[in-house]
Amino acid sequence: MVLSMTGYGRAGALLHGRDIKVELRSVNARFFEYSSRLPRSCAFLEDKLKKLVASKVSRGKVELSLSIQTVTAADTVVTVNWQLAEGYRAALNAMAERMDLKNDVSVGMLSRFPDVLTQTAAPTNEDELWEDVRTVAEQAVDAFVAMRAVEGEKMKADVAGRLTTIETLVAKIEENSAGRVQAYSDKLYARLQELLGDRSIDEGRLVTEAAIFADKTAIDEETVRLHSHVAQYREILKLDEPIGRKLDFLTQELNRESNTIGSKCQDIAITRLVVELKSEIEKIREQIQNIE
């Protein structure tokens, strides 16, 4: 399965009174790069989440975002400062007695005094929190990978079509190359006739020159390798593993062979075909820069 290096995935769930949301997004990168944005209280989850993502992603710059919103008071503890409450009550009783006022001290009144009631976070059950976050994170990663797969299949189809075009162009180059030695010999013979007039032409020398030309401009090895590289390309596209680096190397080889053909052949028809060939290879190179 071909995977794109760009993607997005999101998941959320309400678990144990917490609204948990996880988002992932990625862009191209030569290697696997990971960064995250987590609540401060969840810093201990950093390595666990990185390992989870790395188990499904091998290349790309991935950013994970985790948000946790408490929707119940399950993780909050309210405590009473009894000493302070007793002090407020004693002071109010003293005021009532000394000023001859009705003593209407109530729990509601005491609770409104500063620092009588305090709220603190309950101890976090780290194992439970991790299980909840992992459940949501796995869903987000699955959605993320699914999107990368959809994009990857589109790129695979585009590359496959361009490989077919490359094969067609190479076949045309081979066809045009087949008669280039005879054409050179005929052109050389005509030129010599023009220069020498009625004098005889050394046929042996003509054959030698044609052989030297054929050797210097032979592109059989290059076209054979191009066909071989295209076949390898198709086999790699079938692999169920990260293939971006392999394709990158093979694309360089395609480009190298096309450059060699262009430098050897001065025939205008072949030159035009080489230009088209290099254009298709460049379009493939642009595509595979985004393949994992």
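**Notes on the predicted model**

1. The accessible surface of the chain comes to about 17500 Å², and 52% of that belongs to carbon and sulfur atoms. Areas are from the Shrake-Rupley method with a 1.4 Å probe; for residues, only the protein chains shown count as cover.

2. This is a predicted model, in which local features need pLDDT of at least 70 and side-chain atom pairs count only at pLDDT 80 or more, while totals for chains, interfaces and linings use all residues. Residues are numbered from 1 along each chain as its sequence is written, and side-chain values use heavy atoms, with hydrogens and water left out.

3. The chain has 9 helices and 6 strands; these are DSSP runs (helices H or I, at least four residues; strands E, at least two), numbered from the N terminus. Of the 292 residues, 32% are buried, that is, under 20% relative accessible area with a 1.4 Å probe, protein chains only. Among contacts (heavy atoms within 4.5 Å) with a separation of 6 or more, 78% are between residues 24 or more positions apart.

4. An open sheet of mixed pairing is formed by 4 strands in the order E1-E2-E4-E3; two strands pair if DSSP finds at least two bridges between them. E1 and E3 (32-37) are the edge strands, each pairing on one side only. Neighbouring strands of this sheet are turned by 15° against each other on average, direction ignored; axes are lines fitted to C-alpha atoms, for helices over the stretch in contact, and angles run from 0 to 180 degrees between N-to-C directions.

5. Strands E1 (residues 7-15) and E2 (residues 18-27) are antiparallel, with 9 bridges, and Gly7 has Ser26 of E2 as its bridge partner. Their hairpin has 2 residues between the strands, and His16 there takes a positive phi near 50°.

6. E3 pairs with E4 (residues 60-70) in the parallel sense over 6 bridges. Ser36 stands opposite Leu64 in E4. Helix H1 (residues 46-54) packs on the sheet and touches E2, E3 and E4, its direction making about 140° with that of E3.

7. The largest nonpolar core has 28 residues, and those with the most contacts inside it include Ile173, Tyr233 and Leu277. Such a core is a set of buried Ala, Val, Leu, Ile, Met, Phe, Trp, Tyr and Cys residues joined through side-chain atoms within 4.5 Å. Helices H4 (126-178), H7 (220-237), H8 (244-264) and H9 (268-288) each give it two or more residues. A second, separate core of 26 residues includes Leu3, Leu24, Val62 and Ala140.

Technical notes: Buried means under 20% relative accessible area, exposed over 50%, partly exposed in between (1.4 Å probe, protein chains only).
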